[in-house]
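Please look over the sequence and the model shown below before reading on. The paragraphs that follow lead from one part of the model to the next.

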Amino acid sequence: MTLLRALAHEVFAMFVADVGVTVCALGLVGLVALLRWSGVVAPQLAGGVLVLGTVAILVGFVLRAARGKRR
Amino acid sequence: MSLFAQSWATAAPAVASAFTASLVEIVEAFTIVLAVGTVRGWRVAWLGTAAALVVLGVIVVLLGPALAHAPLAPLRLTIGVLLLLFGLGWLRKAVLRAGGVLALRDENAAYARDTAALRAQAQAPHLDWIAGFTAFKAVLLEGIEVAFIVVAVGAGRDLLVPASIGAACACAVVLVVGAIVHRPLARVPENALKFAVGVMCLAFGVFWIGEGLGIAWPGEDAALLAFGALFLITGLGLARALRAGRLA
């Protein structure tokens with residue numbers, strides 16, 4: 001059971017290193033999927049939202065962590 | 001372009017990603033196996049490692065056919081999301097380490113910690129099993145990450161074999177170098193490798209999510225390189241700004 005728990009924790013930690021990052025990333029994918037399937041915007045534009053949104057999440061959470069550490 | 005060149009151009013990113021990511025994970029597992037081997041003996045270290053590799057092999061053999069029969073678009077979307085999460089986590093930490101906000105991982109310190117913990121146990125035969133289990137757990141846990149990377153970069157485009165070759169080469173490199181130096185591979189530029197893996201995973205993740213959602217990326221596979229360049233420049237820029245103290 002200890003090994004299974006360690007395995008489960010390891011697999012979980014691989015993808016949920018930070019809950020905020022995970023929530024934002026999943027939200028971004030949901031938004032892009034909505035844009036793509038609703039046909040509101042062209043597919044390439046939805047792709048652009050995905051790319052720029054990923055950059056924004058990376059920048060935002062790096063800044064948040066840096067400011068948190070330096071306080 | 002010849003068929004060979006086309007195949008290599010398609011397979012190269014998968015091979016490189018699998019090799020680099022596997023290198024990081026296998027170095028971490030090697031440190032623990034080295035500690036077990038040094039303190040409790042190589043027989044238990046190798047037994048634990050071999051047992052973990054057997055379990056990993058069974059997992060891959062069972063999952064492989066399942067992935068081969070999964071519908072392509074949902075598979076790419078799922079793998080893309082997992083790679084996005086994995087890549088964001090790794091790249092964020094690698095940037096913070098490169099920027100001096102977090103400490104770099106020290107393989108020598110990890111090795112010292114592991115050997116101290118093993119030596120603190122009483123000298124009893126049955127504790128060889130505990131040491132062997134330590135090696136087994138380390139190789140299994142790091143191996144699962146390797147298996148994920150291999151599947152993630154290879155499953156969507158029939159590139160499981162090239163990705164597996166990349167991972168196997170990384171394993172061989174670490175084992176050969178480790179056997180020669182017989183100490184923790186502390187000089188491996190771990191954070192630089194994690195930075196690179198984070199960039200590659202993010203690039204693959206975004207690419208697969210797009211493919212899974214039916215987005216036709218301009219330039220097709222060349223878009224992967226563009227994404228990689230974008231995330232690399234972003235990461236390096238952030239790390240540089242952190243070091244210069246501009247983002248306090």
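How many residues does the contact take from chain A and from chain B? The contact takes 37 residues from chain A and 42 residues from chain B, where contact means heavy atoms within 4.5 Å. The model is a predicted one, in which local features need pLDDT of at least 70 and side-chain atom pairs count only at pLDDT 80 or more, while totals for chains, interfaces and linings use all residues. Residues are numbered from 1 along each chain as its sequence is written, chains are lettered from A and ligands numbered from 1 in the order in which they are written, and side-chain values use heavy atoms, with hydrogens and water left out.

The area buried between chain A and chain B is about 3500 Å²; buried area is the accessible area (1.4 Å probe) that two parts lose on being put together, summed over both. Carbon and sulfur atoms give 82% of this area. Between the two chains there are three residue pairs in polar contact, with both residues at pLDDT 80 or more. A polar contact is a pair of N or O atoms within 3.5 Å; within protein, one must be able to donate a hydrogen and the other to accept it, and residues adjacent in sequence count only if both atoms are side-chain atoms.

On the side of chain A that touches chain B, helix H1 (2-15), helix H2 (19-38) and helix H3 (43-70) of chain A each supply at least two residues. Helices (H or I, at least four residues) and strands (E, at least two) are DSSP runs, numbered from the N terminus. H3(A) gives the largest share of that side, 19 residues. By type, the residues of this side divide into 27 nonpolar, four polar and six charged. Here Ala, Val, Leu, Ile, Met, Phe, Trp, Tyr, Cys and Pro count as nonpolar, Asp, Glu, Lys and Arg as charged, and the others, Gly among them, as polar.

The charged side chains come next. Over all chains, the structure holds four salt bridges, a salt bridge being a side-chain nitrogen of Lys or Arg within 4 Å of a carboxyl oxygen of Asp or Glu. One of them joins A:Arg64 to A:Asp18, with the closest N and O atoms 4.0 Å apart. This pair links distant parts of the chain, for A:Arg64 is in helix H3 of chain A and A:Asp18 is in the loop between H1 and H2 of chain A, 46 residues apart. A:Arg64 counts as exposed because its relative accessibility is 54%, whereas A:Asp18, at 16%, counts as buried. The cut-offs are under 20% relative accessible area for buried, over 50% for exposed, and in between for partly exposed (1.4 Å probe, protein chains only).

Which residue of chain B meets A:Asp18 in a salt bridge? The partner is B:Arg92, at 3.9 Å from N to O. That pair crosses between chains, with B:Arg92 in helix H3 (residues 72-98) of chain B, and both B:Arg92 and A:Asp18 are buried. The count of salt bridges between chain A and chain B is one. Within chain B, B:Glu211 forms a salt bridge with B:Arg76, the closest N and O atoms being 3.0 Å apart. B:Glu211 belongs to helix H7 (residues 190-212) of chain B and B:Arg76 to helix H3 of chain B, 135 residues apart. Both B:Glu211 and B:Arg76 are buried. Through shared partners, salt bridges join A:Asp18, A:Arg64 and B:Arg92 into one network.

B:Glu25 is buried yet has no salt bridge, and the nearest side chain of opposite charge, B:Lys194, is 6.3 Å away. For such charges, Lys and Arg count as positive and Asp and Glu as negative; His and the chain ends are not counted. Leaving aside neighbours within four places in sequence, B:Glu25 is in contact with B:Trp90, B:Glu142, B:Glu145 and B:Val146.

B:Trp90, in helix H3 of chain B, is buried because its relative accessible area is 14%. Beyond four places in sequence, the contacts of B:Trp90 include B:Val24, B:Glu145 and B:Lys194.
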